[in-house]
Amino acid sequence: MTIVSPSTTVRTDPTAPPPRPNRGRASGDRRRIRWWHLFLLPFCFLWVYPFLWMISASFKSRQEMLLGGLHLWPQDWTFDNFQRAWTIGRFGEYTGNTFTFAITALVITVVTASLAGYALSAKDLPGRKIVMGVLVAAMFIPHGYTIIPVFELVNALGLQNGLLGAALAQAAPGLVVPVLLYVGFFGGVPKELGEAARVDGAGYLRTFVSVMAPLAKPVTGTVVLMSFIGSWNAFFVPLVFTLGRPDLRTLGVGMYNFFGTDTTDWTGLAAGASISVIPIVILFLFLQRTFVEGIAGAVKS
Amino acid sequence: MTAVPAQRTPSWRRRRRRAVLWGWLFLTPLVVLFTAFSLWPIVASWWYSFFAWDGVGPPEVWVGLGNFAEALQASSFWNAFWNSFVFSLGALLVEFPLALCFALLLNSVLLRGRNLYRLALFLPVVATTAVIGLVLAIMLAPVGGVVNEALLTLGIVDRPINFLGDPDIALPTLVGIDIWKGFGITLIYWLAAIQTVPKDLYEAARLDGAGARQQLVNVTLPVVMPIAVVIFLLTFQRSLNTFELVQAVTGGGPVFATDVLPTYIYRYAFDAEMAAPRYGFACAVGVLFGLFTLIITLMQSPALAGRLRRSAS
């Protein structure tokens, strides 16, 4: 469960004395640092508790929920909430929509960013400086609120009645970081590799597809995860783009189904919340190293 | 493709021309998408902000700076403006330094279970903001909410606190949730920054007899500071764009106590409860919001430029 990088354990640490020469000091530091658990444990409990509570509430009966109580262990387990969420709350449909939306945005991001990143890694490409400058400037120029023209544009393209428009609106503004990650990677690939491919008779496209793209797998992994988690959790763009099409809602937007005009189905809501959060958390747990390293790498560079 | 002039034969020129052509072909999707969905919308919303326009048909009623004047004179605008600012203050005064402290602590190899701690603190970052916001809203409910129950049981309060229904408490509560939610990402930024410190600097410091605290003050912090500017900006930009949390949890209420600029714009542009959408006005507020962010970002730019110059040399 390494969250930043496997190399952290190897690196010398600010508080770590050289391991062998003075053992006594090391164990002293270790003892001193142990007290921090008293501070860290409750703090982290505060961070994890809502998730535990959410999962437990989704298995509780409505009565038990109304009575409240701090127990995390439901008295009588029930799967009714999930059933209601899946059928009446239409979460079955929404899960499908969310997948479609997230994967479409992901494909757009990976294809666009990898192609552009490869092209921009050639330092002698005319116009390279302008494109890079605009991209970096766009990171710092606030978009303020540009959803209205985006909405207009999607309407003008006739894409308002599908998830493709929403996926484009989700993916396009977020392209800067993936492109910079790819530029960084391809810029570091030794020139000889590309030249060798050319000697073997491969053209530009061929070199990219069979040599460069496979090499870039680690970057692609990071970009895939960042993009997938981002659009799985997106709320604003899918909300705006499904205002007129409730059947196209994604999981995050669909949460509002549980609010009746005068009553709210709290346990159904908890079950719905679990349906939308648990898959992404599990995915993250499996691939966290790639994800976090990607973020850290983007910050460092 | 580092051809020396001597190699500039006709065939070299042809190859080079083809490479440039391919390069730009590869760039086309990015240029098209980014222009259409990122750059053009910025320009378009400036243009729309000069019209009284409901979003139907082409904008026709030119009102010049009327929308801007109206926004700047409306107390509701300044209320949302101030609330957005409070979110930033919370992020920059609480989350930013606290995450640094945690990063320093969780960077130590001597700390057992530090990876589990990092994982726990990062969990909210991965989860859907809107969904988590709703779950926290249930937990904070005055009747039957698990938080109030715990506070009552422990005897900390004698009466349930209406965390999200009381206009005075709702904003601090939301700022707290926002910090909880974003803490992990700031922590990762700081951890990444700390790892850029060259380890031989620590060795040198230790040889000079510097203790843990001296190493922190004289080695870690000075090296980390330039990156801190970037983290500061990222945290600031994120906190200003708190839309999903507010919209999901309070929708800006009670009585606009938690209204922020994004929810304010959303209400004028899309909300079905408004009689007619006011796209033009919403765009004007969006432009003002953008200008405000830009000014603050530019105020950072001397420090940022300094960092860029340092990393270039």
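**Reading an interface and two residues**

Author: In this predicted model, a salt bridge joins the side chains of Arg16(B) and Asp124(A), with 3.4 Å from N to O.

Reader: How many salt bridges are counted between chain A and chain B?

Author: The count between these two chains is one. On the side of chain A that touches chain B, helix α15 (residues 266–300) gives the most, with 16 residues.

Reader: How is the size of an interface expressed, and what is the area buried between chain A and chain B?

Author: Interface size is often given as the accessible area lost when the parts come together. Here, about 10000 Å² is buried between chain A and chain B, and carbon and sulfur atoms give 77% of that area. Chain A brings 111 residues to the contact and chain B brings 103 residues. Nine residue pairs are found in polar contact across the interface of chain A and chain B, both residues being at pLDDT 80 or more.

Reader: Which residues form a nonpolar patch on the surface?

Author: Phe99(A), Ile103(A), Val107(A) and Val111(A) form such a patch, and together they have about 320 Å² of accessible area. One of them, Val107(A), is found in helix α5 (residues 91–121) of chain A. Val107(A) is partly exposed, at a relative accessible area of 45%.

Conventions. Residues numbered from 1 in each chain as written. Chains lettered and ligands numbered in written order. Predicted model: local features only at pLDDT ≥ 70, side-chain atom pairs only at ≥ 80, totals over all residues. Heavy atoms only, no water. Patch = residues over 30% accessible without salt bridge, like charges linked within 9 Å, V, L, I, M, F, W, Y side chains within 5 Å. Areas by Shrake-Rupley, 256 points an atom, 1.4 Å probe, with all protein chains shown as cover. Salt bridge = Lys/Arg side-chain N within 4 Å of Asp/Glu carboxyl O. Helix = DSSP H or I, 4+ residues; strand = E, 2+ residues; numbered from the N terminus. Buried < 20%, exposed > 50% of the residue type's maximum accessible area, 1.4 Å probe, protein only. Contact = heavy atoms within 4.5 Å. Buried area = accessible area lost by both parts, 1.4 Å probe. Polar contact = N/O pair within 3.5 Å; in protein donor to acceptor, adjacent residues only side chain to side chain.
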